[in-house]
Amino acid sequence: MATGGRRAKPRAAAVIPALVCLLLLPLAACAGSGGNPPAPAPVTTPTEEPQPTETVVPAPGPTRQPSGDAPHQPATRETADDRLRAFVEACDKGVEDWRSGQFDHPGEMTLEVNQSSTYVAAVDIRETPQPAELVLPGVGAQGEPVAVQCVLSARLMPVGDGLEVQDGSWIMRQFTPTGVLNWSWSVKALRPGESQLRLELQPALSAREPGTGALMPPEHPSRVTAFVTRVHVNANALQRSGQWWKDNWPILLMIATGLGAAVLGLIRWGGTLGQTIREARQKWRGDGGAAP
């Protein structure tokens, strides 16, 4: 029994320090981590290598209009040049459409007697026509709105006999992509004073001569629009005097003829009166009367 008691002491002494260490070990671990428990170590799992996939391209098919809230693609905006080009292309195909434009012509002109000047007129069908004074030479240019067709005819005629136009026939023009047509005439002043020029414009229907394709006047002209230009013709004193004699010589000739007839009549009457007096004297002497 004594032997068993002596062996129990060393075993108890060894167990006590082990228990103290077990109690102090958690306290030391908490102090080292700042009071927080240690974070668990991340667990890594093996990943597989990505395998290449085959991309399947669908066959082209009819496009569908987006529906719902899909964004709408803006349509292409047509410009003024596009509209003018479409009008000219329609004219080339024989389509006689109407289009609004501006007709430029001189509102008044000043000429000298026996001198010639150029009369210019134009039709502008562009979206924004230029001012008439920038298109026509001289002063007094006017721009008026008109409705025209692909082919236009114009002619210039004098009103009265004070002016002379070189070519008074219809002159036809067809629009090109420039959108502007123009005409010109030579005008000569024959006498001083106030005169007028009359320009006639008609939207002629497209008629072409077989074989040559040249433009021809229509058989039945459409509505004609007229524009009047006032013309002032100047002259010097000698020209005015000569023109006065030229204008009034028929009246002066009639007056001179009347005066001549009156003088001849008076002379004849005077001769007859003298003959009557002489005969009366001779008769009186024959009857024995004394001579006066």
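Helices (H or I, at least four residues) and strands (E, at least two) are DSSP runs, numbered from the N terminus. By that rule the protein chain has 4 helices and 10 strands, and Glu194 has its place in strand S9. This is a predicted model: local features need pLDDT of at least 70, side-chain atom pairs count only at pLDDT 80 or more, and totals for chains, interfaces and linings use all residues. Residues are numbered from 1 along each chain as its sequence is written, and side-chain values use heavy atoms, with hydrogens and water left out.

**Overall make-up**

- Along the sequence, the elements of the protein chain come in the pattern α-α-β-β-β-α-β-β-β-β-β-β-β-α.
- Of the 292 residues of the protein chain, 21% count as buried (buried means under 20% relative accessible area, exposed over 50%, partly exposed in between, with a 1.4 Å probe and protein chains only).
- The protein chain exposes about 21500 Å², and carbon and sulfur atoms supply 59% of it (accessible areas come from the Shrake-Rupley method with a 1.4 Å probe; for residues, only the protein chains shown count as cover).
- Among contacts between residues at least 6 apart in sequence, 72% join residues at least 24 apart (contact means heavy atoms within 4.5 Å).

**Strand S9 and its partners**

- Strand S5 (residues 151-159) and strand S9 (residues 193-202) run antiparallel and are joined by 7 bridges (two strands pair if DSSP finds at least two bridges between them).
- Ser153 has Gln202 in S9 as its bridge partner.
- S9 also pairs with strand S10 (residues 225-234) in the antiparallel sense, over 9 bridges, and Leu199 stands opposite Phe227 in S10.
- Glu194 is exposed, because its relative accessible area is 61%.
- Leaving aside neighbours within four places in sequence, Glu194 is in contact with Val231 and His232.
- The C-alpha atoms of Glu194 and Arg230 are separated by 7.4 Å, although the two are 36 residues apart along the chain.

**Nonpolar core and surface patch**

- The largest nonpolar core has 36 residues, of which Tyr119, Val123, Trp183, Trp185, Leu197, Leu199 and Leu201 touch the most other members (such a core is a set of buried Ala, Val, Leu, Ile, Met, Phe, Trp, Tyr and Cys residues joined through side-chain atoms within 4.5 Å).
- Strand S8 (residues 180-189) gives the largest share of this core, 5 residues.
- Beyond its neighbours within four places in sequence, Tyr119 has contacts that include Trp183, Trp185, Leu197 and Leu199.
- Ile251, Ile255 and Leu259 make a nonpolar surface patch of about 300 Å² (patches are made of residues with over 30% relative accessible area and no salt bridge, like charges being joined within 9 Å and nonpolar side chains (Val, Leu, Ile, Met, Phe, Trp, Tyr) within 5 Å).
- Ile255 lies in helix H4 (residues 237-286) and counts as partly exposed because its relative accessibility is 48%.

**Salt bridges**

- The whole structure holds 8 salt bridges (a side-chain nitrogen of Lys or Arg within 4 Å of a carboxyl oxygen of Asp or Glu).
- Glu127 forms a salt bridge with Arg83, with the closest N and O atoms 3.3 Å apart.
- This pair links distant parts of the chain, 44 residues apart: Glu127 in the loop between S3 and helix H3 (132-135), and Arg83 in helix H2 (residues 80-92).
- Arg83, Arg99 and Glu127 are linked in a network of salt bridges.
- Arg230 forms a salt bridge with Glu108, with the closest N and O atoms 3.3 Å apart.
- Arg230 is in strand S10 and Glu108 in strand S2, 122 residues apart.
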